[in-house]
Amino acid sequence: MFDFLIIGQGIAGTMLAYQAQQKGFSVCAFDTHNPNSASNVASGVVNPITGRKMLKTWKADTIIPYAIDTYKAIEKELDIKFIHEIPIAKIITSEEDVNLWNSKLEDSRYQNNISPIQSLNNPHINEAFGVGFIQPTFWMNMKIMVQKIRTNLLKNNLLFEENFNYSLIEFDDTIKYKNIEAKYIIFAEGFNIQNNPFFNFIPFKPAKGEQFKIYSKELKLDYIINKNIFIIPLGNDTYHVGSTYIWDDETEMVTEEGRKEVLTKLDKIVKCKYEVIDEKAGIRPTIKDRRPVLGAHPEHKNMYVYNGMGTKGISLAPYFSNELILHITENKEIDKEIGIQRFI
Ligand SMILES: Cc1cc2nc3c(=O)[nH]c(=O)nc-3n(C[C@H](O)[C@H](O)[C@H](O)COP(=O)(O)OP(=O)(O)OC[C@H]3O[C@@H](n4cnc5c(N)ncnc54)[C@H](O)[C@@H]3O)c2cc1C
């Protein structure tokens with residue numbers, strides 16, 4: 001018998017599986033291996049200050065250091081490299097933004113994260129008001145991490161690459177599914193949770209994101225640029241550029257409107273030539289109140305949900321998967337803000 005049966009192996013399910021195994025629990029996972037899952041398409045940015053008002057993201061000082069420590073431990077243990085520490089140059093666009101940035105510089109909560117406005121001295125970037133650097137920030141190649149843990153699970157016959165059929169669950173003191181028995185089942189299905197009959201009462205508002213890969217010989221960035229979109233250097237003169245936020249389309253395909261929106265924003269930032277060499281779309285599992293959701297099903301014993309990673313799954317997943325495991329195995333209370341109780 002397994003301790004945990006985990007449905008979904010995006011960033012959320014991968015973190016659950018990894019952390020459960022680290023704590024000595026046995027796991028078995030199901031995943032349909034969708035190349036367009038949010039985790040496979042994610043830009044990979046971890047950034048403590050976001051938005052037009054340049055605010056600290058929710059719980060940034062707790063969850064980001066926790067995420068970085070967890071990912072560094074994974075890099076070491078699995079002998080892979082997917083974390084790249086790289087500053088973000090936020091382009092300042094007006095006198096009002098200059099004042100806002102300077103006021104943050106005097107605010108003790110931001111002092112460790114931002115530096116005074118300066119020029120990039122890059123002839124290919126439009127930045128009339130200069131840029132402010134944000135640190136510590138990261139670009140993570142999550143595909144490498146998710147794929148490595150997938151390979152390890154597959155090697156040990158602990159991952160089934162198939163769609164989980166909800167109607168075949170047998171409820172008893174344990175969870176039975178086909179010939180598998182587990183103490184607990186956790187659904188970490190990303191936006192597909194909307195089709196899960198046990199948890200489709202959670203008010204989801206998925207946000208499609210479209211992202212492009214460009215090649216530019218001239219651009220030569222060794223920092224991420226941010227102004228409405230991110231331009232992320234990937235090496236070999238290639239960059240991720242994106243992304244869009246579309247709230248009424250759940251197809252995992254790039255649209256003409258999305259392409260136009262991102263490339264128009266890109267053209268306002270860069271002055272040099274570039275070539276679009278790839279494009280992708282995925283759906284972010286976003287909940288209406290923009291918080292993760294974790295906790296037990298109101299009726300079915302031993303059944304849990306882990307979802308709502310939204311736009312920041314890379315920062316959120318390590319911390320909250322640990323919280324969920326501790327809740328299940330040690331009865332640790334779940335913060336009301338993220339608990340499933342808020343929807344029951
Ligand atoms: C364009 C884009 C850019 C992004 N950029 C960033 C970023 O820079 N930084 C950041 O932190 N976040 C970013 N995100 C958000 C981030 O990708 C998500 O928060 C995160 O990947 C969600 O992970 P998940 O595991 O919950 O869901 P998913 O990645 O969707 O994974 C769910 C998995 O479950 C599988 N599955 C679902 N149902 C079943 C079933 N019934 N049976 C078997 N398997 C099933 C799916 O195939 C999939 O593999 C971005 C997202 C997009 C789309």
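In this predicted model, residues from both domain 1 (2-45 + 143-202 + 292-343) and domain 2 (88-134 + 207-284) contribute to the shell around the ligand, and the ligand therefore lies between the two domains. The shell comprises 41 residues, of which Gly8, Gly10, Gly190, Gly209 and Gly313 come nearest to the ligand. Two or more shell residues are supplied by each of helix H1 (11-22), helix H2, strand E14 (207-215), strand E18 (275-284) and helix H7 (313-330). In terms of residue class, the shell around the ligand contains 23 polar and 14 nonpolar residues, together with four charged ones.

The C-alpha centres of domain 1 and domain 2 are separated by 32 Å, and direct contact between the domains involves ten residues of domain 1 and 16 residues of domain 2. On the side of domain 1 that touches domain 2, the largest share, three residues, is provided by helix H2 (residues 38-41). This side of domain 1 is made up of six polar and four nonpolar residues, with no charged residues.

Helix H7, one of the elements that give two or more residues to the ligand shell, consists of 18 residues and spans 24 Å from its first C-alpha to its last, which is close to the 26 Å expected at 1.5 Å a residue. Its buried residues are Gly313, Ile314, Ser315, Leu316, Ala317, Pro318, Phe320, Ser321, Leu324, Ile325 and Ile328; of these, Gly313 is also among the residues that come nearest to the ligand. In an α-helix there are 3.6 residues a turn, so residues three or four places apart point the same way. Helix H7 is followed by Asn331, for which phi is positive, near 65°.

Note on methods. Residues numbered from 1 in each chain as written. Predicted model: local features only at pLDDT ≥ 70, side-chain atom pairs only at ≥ 80, totals over all residues. Domains from an automatic or database assignment. Contact = placed C-beta atoms within 7 Å. Helix = DSSP H or I, 4+ residues; strand = E, 2+ residues; numbered from the N terminus. Nonpolar A, V, L, I, M, F, W, Y, C, P; charged D, E, K, R; others polar. Near = placed C-beta within 6 Å. Expected span 1.5 Å × (residues − 1). Buried ≥ 20, exposed ≤ 12 C-beta atoms within 10 Å, placed from the backbone.
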